[in-house]
Amino acid sequence: MSQFLYLYRMADAARQDAMGTPERAQQNMQRWMAWMRDLDAKGHLKDRGQPLERAGKVVRGQQKTVSDGPYAEAKDLVGGFTIVEARDIDQAVELSRGCPILEGGGSVEIRPVMKMDM
Amino acid sequence: MELSEHLFRRESGRLVAALTRIFGVHNLALAEDVVQDAFCRALEVWKVRGVPENPAAWLMAVAKHRALDVVRREQTARTFASELGRSLESEWTLAPAIDEAFALSTIRDEQLRMMFSCCHPRLPEEVQVALVLNILCGFGAGEIASAFLTGRAAVEKRISRGKKVLAGSKRLFDLADDEFSARLTSVRRALYLLFNEGYHGASAESAVRSELCHEAIRLTTLLLEFRPAASPETLALAALMCLHAARLPARLDAGGDLNPLFEQKRSQWDAQLVERGLAWLNQSAAGQTVTAYHVEAAIAAAHATARSVDETNWEQVVGLYDRLMAIAPSPVVALNRAIAIGQRDGPERGLEALRAISDRDRLRRYPFYPAAIGELELRRGDRAAARRHFSKAAGLARNRVERRFLEKRAGEC
């Protein structure tokens, strides 16, 4: 088994929209819970991860300039991450297809965690 | 931890009420934004970390925190609730003032004040109902539109018109106001309409409709918790809602088809709701006057306590309909009276009563008028006439559930 990082990305407008009405928020929530539960039940959930605040700071370049960011308007702001275990990247991709963020116009970026077998 | 049903919708109404206490009703939109924000946050955190032990308290803590933030940041740019006086201006009093706004009893009172404000006499009834559903019950415009079979744009217009009036009225209705009892009448009326939309409405989605009924019961119960609002008339309204709602589980059969009262399995009626309804009906008798709500509740009670159609006291039911016609006449009441007469005196008499409805042309597009004729014709043995009337009724059906039921009925003749 290998580990993969899921990065959840979504634009702010889409995020607001997925919330829509309280009832839609509830449905969205239920889909996430069901999806996570399923990953867990099948032994794929390595680390549930953490949600991230939408705004922070960016430090850039040799000048080490500090700016506010990432900007909320950014197309695909990272909103959180999870680490899953899967046979290979194909299976990790397959598992991500059930992620509710996709219904709301967001994306899941899947990155293999590098293996340190020397 | 599982998410309780409609958690977000329920909490939405409560949180908006608390936040309006702080921000003032002129900042209703801000209060709604803060709630939306709290929900977004909940979604982000809960989806990875799971639902917390007490989700309602979690949401409230986030909303409180945000409120504190907003007040500090916008102190100079905005004016907040005048009722809180200067308590928002100093750090010493700010946090306690916000805690107070989120106290259980404050939330209850603010919800009541919001309800009374939504039922402003300057607003048409359909606007009042839409406002109550949106602000207190957390339904979106699209959801209200689909429950009422109206366009979304029309509902949005109603809501924004209503909110403009609310925002213009400096503060929420004062429950100690002289106008209280007049306004209470409008509140009851709006809740009655809300319930009826759920119970008799045109939407095919039975889940949506039973939600409307249960919201109406929840808000009426909220009224009953406030002594001055818990008059015999309010008790009668609550009773009639419970006694009707008790039948909801039996109204559709396993296949999703409509089940008329005459064919419902009475064992499926909600015994707890019946009991609650009967208790309230009993208490409602304390007053001097008999209102339409009392009579309607008494009719519902007569059905709820009868073991079968044949064991129903039709004599009493007809008598109650006579009284209802005297207090609040309407062609639909007359139609139901005629059906009861048909049960008491036979189909011929029932048909006579149907034909004698004075303003029956107002029932021209109501599918259950020809359907009632069909039932009575069938009972007296004229199958051809029955089929004709059921087909006519099917043509007037307002949704597929009604149509399927009436077509099936026509097919059975």
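Here is a friendly question-and-answer tour of a predicted model with chains A and B.

Visitor: Let's start with the sheet in chain A. In what order do its 4 strands lie?

Guide: Happy to begin there. The sheet is open and its pairing is antiparallel. Read across chain A, the order is E2-E5-E1-E6.

Visitor: Which are the edge strands of that sheet?

Guide: An edge strand here pairs on one side only.

Visitor: How many bridges join strand E1 of chain A to strand E5 of chain A?

Guide: E1 covers residues 2-10 and E5 covers residues 77-86, and the two run antiparallel. Within this pairing, A:Tyr8 stands opposite A:Gly80, while A:Leu7 has A:Phe81 as its bridge partner. The number of bridges joining E1 and E5 of chain A is 9.

Visitor: And which residue in E6(A) stands opposite A:Phe4?

Guide: E1(A) also pairs with strand E6 (residues 107-112) of chain A, in the antiparallel sense and over 6 bridges. In E6(A), the residue opposite A:Phe4 is A:Pro112.

Visitor: Moving to where the chains meet, which element gives the largest share of the side of chain A that touches chain B?

Guide: In this contact, 21 residues of chain A meet 21 residues of chain B. Helix H1 (12-19), helix H2 (22-41) and E5 of chain A each supply at least two residues of the chain A side. By class, that side has 7 nonpolar, 11 polar and 3 charged residues. The largest share, 9 residues, comes from H2(A).

Visitor: Is B:Arg9 buried or exposed?

Guide: B:Arg9 is found in helix H1 (residues 7-23) of chain B. Leaving aside neighbours within four places in sequence, its contacts are A:Pro22, A:Glu23, B:Cys137 and B:Gly138. Because B:Arg9 has 20 C-beta neighbours inside 10 Å, and 20 or more is the cut-off, this residue counts as buried.

Visitor: How many Å apart in space are B:Arg9 and B:Ile135, C-alpha to C-alpha?

Guide: In sequence, 126 residues separate B:Arg9 and B:Ile135. In space, their C-alpha to C-alpha distance is 9.7 Å.

Visitor: What about B:Ala271: buried or exposed?

Guide: B:Ala271 has its place in helix H12 (residues 271-284) of chain B. B:Arg247 is 24 residues away in sequence and 9.3 Å away in space, C-alpha to C-alpha. Because B:Ala271 has 12 other C-beta atoms within 10 Å, and 12 or fewer is the cut-off, B:Ala271 is exposed.

Visitor: Finally, how do H9(B) and H11(B) lie: roughly parallel or roughly antiparallel to each other?

Guide: Helix H9 (residues 180-200) and helix H11 (residues 232-245) of chain B pack with their axes 11 Å apart, at an angle of about 5 degrees. Residues making the contact include B:Leu191 and B:Phe195 of H9(B) and B:Leu237 and B:Met241 of H11(B). By class, this contact has 6 nonpolar, 2 polar and 2 charged residues. Angles under 35 degrees count as roughly parallel, so the answer for H9(B) and H11(B) is roughly parallel.

How values were computed: Residues numbered from 1 in each chain as written. Chains lettered and ligands numbered in written order. Predicted model: local features only at pLDDT ≥ 70, side-chain atom pairs only at ≥ 80, totals over all residues. Pairing = 2+ DSSP bridges. Contact = placed C-beta atoms within 7 Å. Axes fitted to C-alpha atoms, helices over the stretch in contact; angles between N-to-C directions. Parallel < 35°, antiparallel > 145°, perpendicular 65-115°, else oblique. Nonpolar A, V, L, I, M, F, W, Y, C, P; charged D, E, K, R; others polar.
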